[in-house]
Amino acid sequence: MARIANRRQKIGGWVLIIVLAVITFVYLVPFLYIINTSFKPWTGIKEYPPKVIFKPSIGSFIRIFTSRTVYPPGEAPTEEEVARMKWYERIVYRETNEEIVRLGDLPRRYLNSIVICSISTIITVILGTITAYGFSRFNVRGKDDLLFFILSTRMLPPVVVVIPVFLMFRFLGLTDTHIGLILLYVAFNVSFAVWVLKGFIDEIPTEYEEAAMVDGYTRFQVFRKIVVPQATTGIAATAVFCFIFSWNEYAFAFLLSRKIAQTVPAWLPYQMGVLGYDWGAAAAGTFIFLVPVMVFTIILRKHLLRGITFGAVRK
């Protein structure tokens, strides 16, 4: 009987692994399709049926980083002129018959996204940690009502409040500014940070803090030297999610920025070239856009899994 039970257990384990592998593959299909499209040459992007095996090209990545124009009829370069071109200019010309004019707008939009999302995440985590500690450790009058009020800011979808926010920002002169988007993302993410971090801080025993204050620590020293290190996993998990929320946000970035502070999500969908919409460049830009989130998540991966599950089981 024991042998039969072990065999069933092994079969069940293999079935579970296969099911998880299939589910993972299904979730990865859109990402794999983006990577596949980003490395296709211009002529292969619109082929039907689409090919999975092809000779890869980095032309899409070059196009998303540059601004180009088509050579007028009768002014195409000769073979000698093509041979003297820089390697990236030659790739673009042979795929789309275009001439690179200048560096495109992606680097600036990319820098805008990094600056706005990084600063807003740092401010959100700092404010969320301090606020969560206050709600967790002090008997604040109307605590439950205040926590519900903080959470209520996340209940409405952005499209509901986008017009009042736009009118307010226009009145204050914050449209198309970095500080405007930073303040907006902080305002929307801080409620999430407070609720998540309060659960982590609730799990930290108060005896540690009481013992430290008996030894002469101030409340701020207790918070900085005891509570924050103990809540590192929660802070890391909160930072990852706040960064992802800000990085992917589209509605507010589209309506509140046009040129100076425009981020990648608001800029990327409108990459119309002289030859029509460049799907390859859009796929390449999407792939590049996903890299910082992947890197940020990998860096904090040790804390992320424990941070997601920590506090789920209470004594």
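In this predicted model, the axes of helix 6 (residues 106–137) and helix 12 (residues 232–248) come within 9 Å and cross at roughly 140°. Axes are lines fitted to C-alpha atoms, for helices over the stretch in contact, with angles from 0 to 180 degrees between N-to-C directions. Helices are DSSP runs of H or I with at least four residues, numbered from the N terminus. The angle makes helix 6 oblique to helix 12; angles under 35 degrees count as roughly parallel, over 145 as roughly antiparallel, 65 to 115 as roughly perpendicular and the rest as oblique.

Helix 6 makes the contact (heavy atoms within 4.5 Å) through residues including S113, I114, C117 and T121, and helix 12 through residues including I235, A239, F243 and W247. By class, this contact has eight nonpolar, seven polar and no charged residues. Ala, Val, Leu, Ile, Met, Phe, Trp, Tyr, Cys and Pro count as nonpolar, Asp, Glu, Lys and Arg as charged, and the others, Gly among them, as polar.

Another crossing involves helix 7 (residues 143–152) and helix 9 (residues 178–202), whose axes come within 8 Å and cross at roughly 135°. Helix 7 is therefore oblique to helix 9, and their crossing is left-handed. L147, F148, I150 and L151 of helix 7 meet S191, V194, W195 and K198 of helix 9. Six nonpolar, one polar and one charged residues make up this contact.

Aromatic rings are the next topic. Rings of Phe, Tyr and Trp (its six-membered ring) pair if their centres lie within 6.5 Å; planes under 30 degrees apart count as stacked, over 60 as edge-to-face and the rest as tilted. The count comes to 13 aromatic pairs. Two of them are listed here.

| Pair | Centre distance | Plane angle | Class |
|---|---|---|---|
| F39 and F61 | 5.0 Å | 50° | tilted |
| Y133 and F138 | 6.2 Å | 90° | edge-to-face |

F39 lies in the loop between helix 1 (2–38) and helix 2 (42–45), and F61 in helix 3 (residues 59–64), 22 residues apart. F39 is partly exposed at 28% relative accessible area, whereas F61 is buried at 14% (buried is under 20%, exposed over 50%, partly exposed in between, with a 1.4 Å probe and protein chains only). Y133 is buried at 5%, and F138 is partly exposed at 36%. Ring pairs also link F31, F39, F61 and F287 into a cluster.

Residues are numbered from 1 along each chain as its sequence is written, and side-chain values use heavy atoms, leaving out hydrogens and water. In this predicted model local features need pLDDT of at least 70, and side-chain atom pairs count only at pLDDT 80 or more, while totals for chains, interfaces and linings use all residues.

Definitions and conventions:
Helix = DSSP H or I, 4+ residues; strand = E, 2+ residues; numbered from the N terminus. Left-handed = near helix turned anticlockwise from the far one by under 90°.
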